[in-house]
Amino acid sequence: MKNSLARILALCMALTCIVAPQASAQTPIPGAIQAEDYDEGGQGVAYFDTTSGNTGGAYRNDDVDIEFSESAVNQHNVGWIEAGEWLRFTVDVTTSATVRVRYRVASQEAGPFSLSLSVDGDVVDTVTFNGTGGWQNWINVHSPQPFEITAGTRVVRLDFLSSLFNIDEFEFEIYEEEEEPLYLDPTAPVAARVDDLMARMTLDEKIGQMCQANVGAVSPATDVRDWFLGSVLSGGGENPSVNTPETWADMTDGFQALALQTRLQIPILYGVDAVHGHNNVVGATIFPHNIGMAATRNPDLMRQAAEVTAVEVAATGAHWTFAPAITVARNEWWGRFYEGLGELPEDVALMGAAAIEGYQGADLTAPTSILACAKHFAGDGGTLWGTGVGGGIDQGNTILDEATFRALHVEPYRAAIAAGARTIMASYSSWNGVKLHGDSYMLTDVLKGELGFEGFLLSDWGAVDQLDGNYANAVIMAINAGIDMVMVPSQYRNFLNTLRNAVQGGSISMERIDDAVRRILTVKFESGLFENPYAQRHLLPEVGSAAHREVARQAVAESLVVLKNDDILIPLSKELTRIHVAGKNADNLGHQCGGWTISWQGGSGATTIGTTILEAITDTVSPGTTVTYSLDGTGAAGADVGIVVVGETPYTEWYGDTQDLFLDAADLAAINNVRAAGIPVVVVLVSGRPMYVENEVDNWDAFVAAWLPGTEGQGVADVLFGDAFPFGILPFSWPRDNQTPVNVGDTGYDPLFAHGFSVYVDGDMDGDGLPDLWEARHGLDPYDDGSINPDYGADGDPDQDGGSNLFEYLTGTHPQRPESIFRIWSHSAGEEGGPPIEIVSHTVPGYHYAVDYADFVMGQPLNWVPFANAANGVGTWLETNTVESTYTFIDDYSPETSGGPPAEGVRYYRVRSTAP
């Protein structure tokens, strides 16, 4: 049975004849089939509608959900679709042919969606597609495989396998078998794929690749497709209205689906400011900002943090983070100081390279890999106060001779490139008055030429606009200087039109365009984007997972720098009767995360999911310890100790520029109120930079720089209570009051605390003659109590049974392994014949025990030998007591017992057990 479809088809045929009057130019089905032209006839004949309570209405004839739509081809589409519904059409196929079907669909929802098509009862086609970002944002999807259709009257049926999408029309298209383009062959060399793709591209398709538009400005979303955009970014705080990892994946996949509808199916690179974890996503793991990571001086941990971030970013569909900032920060007045990795280029190079390796991994095509972006080239950390935004320092001018500029600010990029950086972002700042975005010498001659950077160079947010008051001149200057992709906050259409005009007018050569596009496409192919463009949704359960938060917790603990610790107040005992906590940053997750967290400037309070420092302290102490809190420090009387957490509130970029780095009145009042209670005071500073404390620190018993630790406040408590050793050392010189800037190498260098300082660098708490920090880094115990030892101490698990050996041992159980090392001590060695060392070991009945000793020799491994002492019998015994007991053994350094005292002043002992 045929209806008005016949008239539509006849009209299409007539129009075709007018345009191309060739009698042989027949088609299988002449023209597109409008969805509203289904066969009439009633339920079970032409349609099947399962919508509950649907009684029809305007444009819903015969209870089929036909709705009016100005954007639909025939001003109607089928909507309100639910899985299980179908439509039937009777059509005349004029010529047998091999065909594919084009479907015009739309959906506000994320998808994926599926529908199938059958001819005369046989299913011939099934397609799956994602949401389009709007109920009337139409896209075309095509059959994955061609099929045969024969001439004659055919019954065609559409079965909707999913709910919540619209369909407008579909069309059978002649399929002419063609060899797949080389650029879509994942086994072909990257260079060959790039050549093949570029040979197929128009000028508009090429310049589209050079444009990165901000997600909040892309409207309509179909502009990604229609303007051939090469990249989309989420600027700081540009989040889905419901901010979850899943909605992020839906958003990025929606844009990607549009990009893949372009003629050449070139995917977009989606970029985010994941600068300390995937920090725009609620529930993601937030790491310490770079200043804290730099304080760890642990490139392996930096690499691991970047690996975690890469997994969480990839899960949500972004492919690229604008990190790390390999900034050599030289002035604490700068609002981006905390994004720097140190004041010395060698420190920055070490940690920056590790971050790049972590983000990108060994294989850029791996599902857990994302692209890194080293930024900001170059000199952003060396600008002078008064030359920046609003008379501040951000985006200002770095005034240095070329040799010094290169040594300080360019050199870390050599390590970044060697580490595999495939994208670099130019700096807003100027060098000797020349904006870096327009400096062809630095961008092209030095970076791309001398340093051999083969990736692509990205502009910063709207930075091209700053080059010239005339926008066309600014674009020409930036592209000719070497910028390959331009980050355009909103006016992407204006940029693309301007760029096209510049090329057509000869102001920018096609060679420069081809060079930029070649670099961009090379990176896209290298990263596997053509093969895996969508979100890695199987990784979504790992976003903010316990395992990821443990890495962040370790990073926090290792980032803390203890700058003062009178009478070894830290670590605090967990068994104190009462601890009073105070200060505005003690119980404020937003403050401890800082800027670039959920929103551009950060926020206050429970902005995301994490543990505040107060919560961590409460969770750490013994059940018998009372933890009290006051914002202003009052109520501390009677406590055993006060912990006051003070410092800065969040800021980003020029909003944080300031010459006033003193603690505010509320912070000082909180500290002084706790001091007035007559109890020891630990001051924990949460800040993005060193602050002026010279006139205050003498009044504090302990002082800890916690930087901006992120979501895992438990790492702060771990250090305060001895569950972790404070490995952190200063990556920056700490200024005296108003002594800014101050850096290593300055004439008369005399900071309050020097670069590389912590109490433990030269400290020796256990009196064994070895620096505490050295001992901790080599798996020994500077507290000399078994509490800190990565291999054998509180967190040690050489028996791999999932429990802490020291915990198992002290609670009367034992590591279940034939042989297990469960405790190690270090002691200063006396002279032969001097006072003996007595060492007490807890024992469990039925176990065999052995004691070994080793003498420390600098740079040499410990060589363990059995210990024996006549007063105690041999150094191996079976514990036969009926209950858990202790065993004391003595080393008097006599030749008969242990071979005499060690040559270098320290001896280590270990106890091993053998299971019964």
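Q: Ala, Val, Leu, Ile, Met, Phe, Trp, Tyr, Cys and Pro count as nonpolar, Asp, Glu, Lys and Arg as charged, and the others, Gly among them, as polar. How do the residues of the lining of the largest pocket divide into these groups?
A: Welcome to this predicted model! By that sorting, the lining of the largest pocket has 18 nonpolar, 8 polar and 10 charged residues.

Q: What makes R100 one of the residues to look for in the largest pocket?
A: R100 lies nearest the centre of this pocket together with H142, L184, L260 and Q265, and 36 residues line the pocket in total. The space inside comes to about 1500 Å³.

Q: Which strand gives the most to the lining of the largest pocket?
A: That is β9, with 4 residues. β8 (122–129), β9 (134–142) and β12 (166–174) each supply at least two.

Q: Why is the other kind of space called a cavity, and how many cavities of 30 Å³ or more does the structure hold?
A: A cavity is a set of points where a 1.4 Å probe fits but cannot get out, whereas a pocket is an open set. The structure holds 8 cavities of 30 Å³ or more. The largest cavity has a volume of about 190 Å³. Its lining has 18 residues, and H319, A366, S369, S527 and N532 are the closest to its centre.

Q: How many charged residues are in the lining of the largest cavity?
A: There are no charged residues; the lining divides into 10 nonpolar and 8 polar.

Q: What lines the second largest cavity?
A: It has 15 lining residues, with V275, N290, M302, A305 and Y359 closest to the centre. About 110 Å³ of space lies in this cavity. Helices α6 (290–296), α7 (299–315) and α8 (345–360) each supply at least two lining residues, and α7 gives the most, with 4. The lining consists of 11 nonpolar and 4 polar residues, with no charged ones.

Q: How do you know that the span of helix α13 agrees with its number of residues?
A: Helix α13 (residues 510–526) has 17 residues, and at 1.5 Å a residue they should span 24 Å. The expected span is 1.5 Å times one less than the number of residues. The end C-alpha atoms are 24 Å apart, so the two values agree.

Q: Which residues of α13 are buried?
A: Buried means under 20% relative accessible area. In α13 the buried residues are R512, I513, A516, V517, R519, I520, L521, T522, V523, K524 and F525. After α13 comes G528, with a positive phi near 75°.

Q: Is W707 buried or exposed, and why is it called that?
A: Buried is under 20% relative accessible area. W707 has 1%, so it is called buried. W707 lies in strand β29 (residues 702–707), and its phi is positive, about 55°, although it is not a glycine.

Q: Why is D120 called partly exposed?
A: Partly exposed lies between buried, under 20%, and exposed, over 50%. D120 has a relative accessible area of 41%, so it is partly exposed. D120 sits in the loop between β7 (113–119) and β8, and it too is a residue other than glycine with a positive phi, near 55°.

Q: Where is there a cis peptide bond, and what is omega?
A: One joins A323 and P324, with omega about 5°; P324 is in the loop between β16 (320–321) and α8. Another joins F377 and A378, with omega about -10°. A378 is in the loop between β17 (374–377) and β18 (397–398).

How values were computed: Residues are numbered from 1 along each chain as its sequence is written. This is a predicted model: local features need pLDDT of at least 70, side-chain atom pairs count only at pLDDT 80 or more; totals for chains, interfaces and linings use all residues. Side-chain values use heavy atoms; hydrogens and water are left out. On a 1 Å grid over the protein atoms alone, a cavity is a set of points where a 1.4 Å probe fits but cannot get out, and a pocket is an open set with protein on both sides within 12 Å along at least five of seven lines; lining residues have an atom within 4 Å of a point. Grid points are joined across faces, edges and corners, and a volume is the space filled by probe spheres set on the points. Buried means under 20% relative accessible area, exposed over 50%, partly exposed in between (1.4 Å probe, protein chains only).
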